[in-house]
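Reader: Please show me how to read a structure of this kind, one feature at a time.

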Amino acid sequence: MLEILKESLLTCPMVKREKDGVVYNYFIHPITDGIPAVTAELLRDVTAAMLKSLDLKNVDKIVVSEAMGIHIGTALTLATGIPFVVIRKREYRLPGEVVIGQETGYSKGNLYMNCVNKGDRVVIIDDVISTGGTIKGILPALKIAGAELVDILFVVNRGSPDIGIPYKTLVTIDVDENGVKIIDSAF
Ligand SMILES: O=P(O)(O)OC[C@H]1O[C@H](OP(=O)(O)OP(=O)(O)O)[C@H](O)[C@@H]1O
Ligand code: HPA
């Protein structure tokens, strides 16, 4: 389990990104970018590991964020029958919409959460955790919505940030100009 994920991380393309004059070594991977192509074998590998790791008992909704939470959310919904909801970068102004401030290593903006209701038991999954900025915005939004957080899982952990509560990850990596190194793996 996770052999396909690990191999694909070790061989993925790299580019350099820049924010405020600081160069960031960015790995480009099917799970985190949709590039190179997302294969069925990779999605099955990641989904099997998510199913093994997550506590999904009596969960009402899987919560993912746009855009790169969507394919893993789709896979987990197909495997479990639990619906998923997407936290969007677009504002809808529906009643109860919760606005989330998001700051990552290379971007800043707002996210908008809809259709997470009072009393919902939810799990959050996302492709990657890096600075933790995105999840730290989502956690208070769940409180505002009145949802109960059951579990959190990130496929890739780049940086192991402290987000104030425990979270699960499938693969922990280090990245430098030469590429990705695997530091730890759930399986
Ligand atoms: O831990 P953090 O530093 O917050 O980084 C992780 C977040 O960054 C990426 O999303 P991004 O906002 O880049 O959007 P994308 O999914 O459309 O690529 C990723 O999907 C996570 O949501
Ligand atoms: O290097 C990266 N690649 C893809 N997604 C990311 N999210 C944080 N860092 C990265």
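The dialogue below goes through confidence, sheet, helices, ligand shells and backbone exceptions.

Reader: What should I know about numbering and confidence?

Author: This is a predicted model, in which local features need pLDDT of at least 70, side-chain atom pairs count only at pLDDT 80 or more, and totals for chains, interfaces and linings use all residues. Residues are numbered from 1 along each chain as its sequence is written, while chains are lettered from A and ligands numbered from 1 in the order in which they are written. The pLDDT is the predictor's confidence in each residue, from 0 to 100. The protein chain averages 96, and 100% of the residues score at least 70. For the complex, the predictor gives an ipTM of 0.97 and a pTM of 0.97.

Reader: In what order do the strands of the open sheet lie?

Author: Helices (H or I, at least four residues) and strands (E, at least two) are DSSP runs, numbered from the N terminus. Two strands pair if DSSP finds at least two bridges between them. Here 6 strands form an open sheet with mixed pairing, in the order S4-S3-S7-S8-S9-S10. Strand S4 (84-87) and strand S10 (179-185) are the edge strands, each pairing on one side only. Strand S3 (residues 61-65) and S7 run parallel and are joined by 3 bridges. Val63 has Ile124 in S7 as its bridge partner.

Reader: How many residues lie between S5 and S6 in their hairpin?

Author: The hairpin of S5 and S6 has 4 residues between the strands. Strand S5 (residues 98-103) and strand S6 (residues 108-113) run antiparallel, with 6 bridges joining them. Glu103 stands opposite Lys108 in S6.

Reader: At what angle do the axes of H1 and H3 cross?

Author: Axes are lines fitted to C-alpha atoms, for helices over the stretch in contact, and angles run from 0 to 180 degrees between N-to-C directions. The axes of helix H1 (residues 3-10) and helix H3 (residues 40-53) come within 8 Å and cross at roughly 120°. That makes H1 oblique to H3; angles under 35 degrees count as roughly parallel, over 145 as roughly antiparallel, 65 to 115 as roughly perpendicular and the rest as oblique. The contact is made by Ile4, Leu5 and Ser8 of H1 with Glu41, Leu42, Asp45 and Val46 of H3. Two residues are in contact if their C-beta atoms, placed from the backbone, lie within 7 Å.

Reader: Which residues come nearest to ligand 1?

Author: A residue is near a molecule if its C-beta atom, placed from the backbone, lies within 6 Å of it. Of the 16 residues around ligand 1, Ala67, Met68, Thr104, Thr131 and Thr134 come nearest. S7 gives the largest share of this shell, 4 residues.

Reader: Which residues are around ligand 2?

Author: Around ligand 2 are Tyr26, Phe27, Thr32, Asp33, Gly105, Val128, Ser130, Arg158 and Val175. Strand S2 (22-27) and helix H2 (30-33) each supply at least two residues of that shell.

Reader: Where does the backbone hold exceptions?

Author: Most residues other than glycine have a negative phi, and most peptide bonds are trans. Ile35 and Pro36 are joined by a cis peptide bond, with omega about -20°; Pro36 is in the loop between H2 and H3. Another cis peptide bond joins Glu66 and Ala67, with omega about -10°, and Ala67 is in the loop between S3 and H4. Leu2, a residue other than glycine, has a positive phi near 75°; Leu2 is in the segment before H1.
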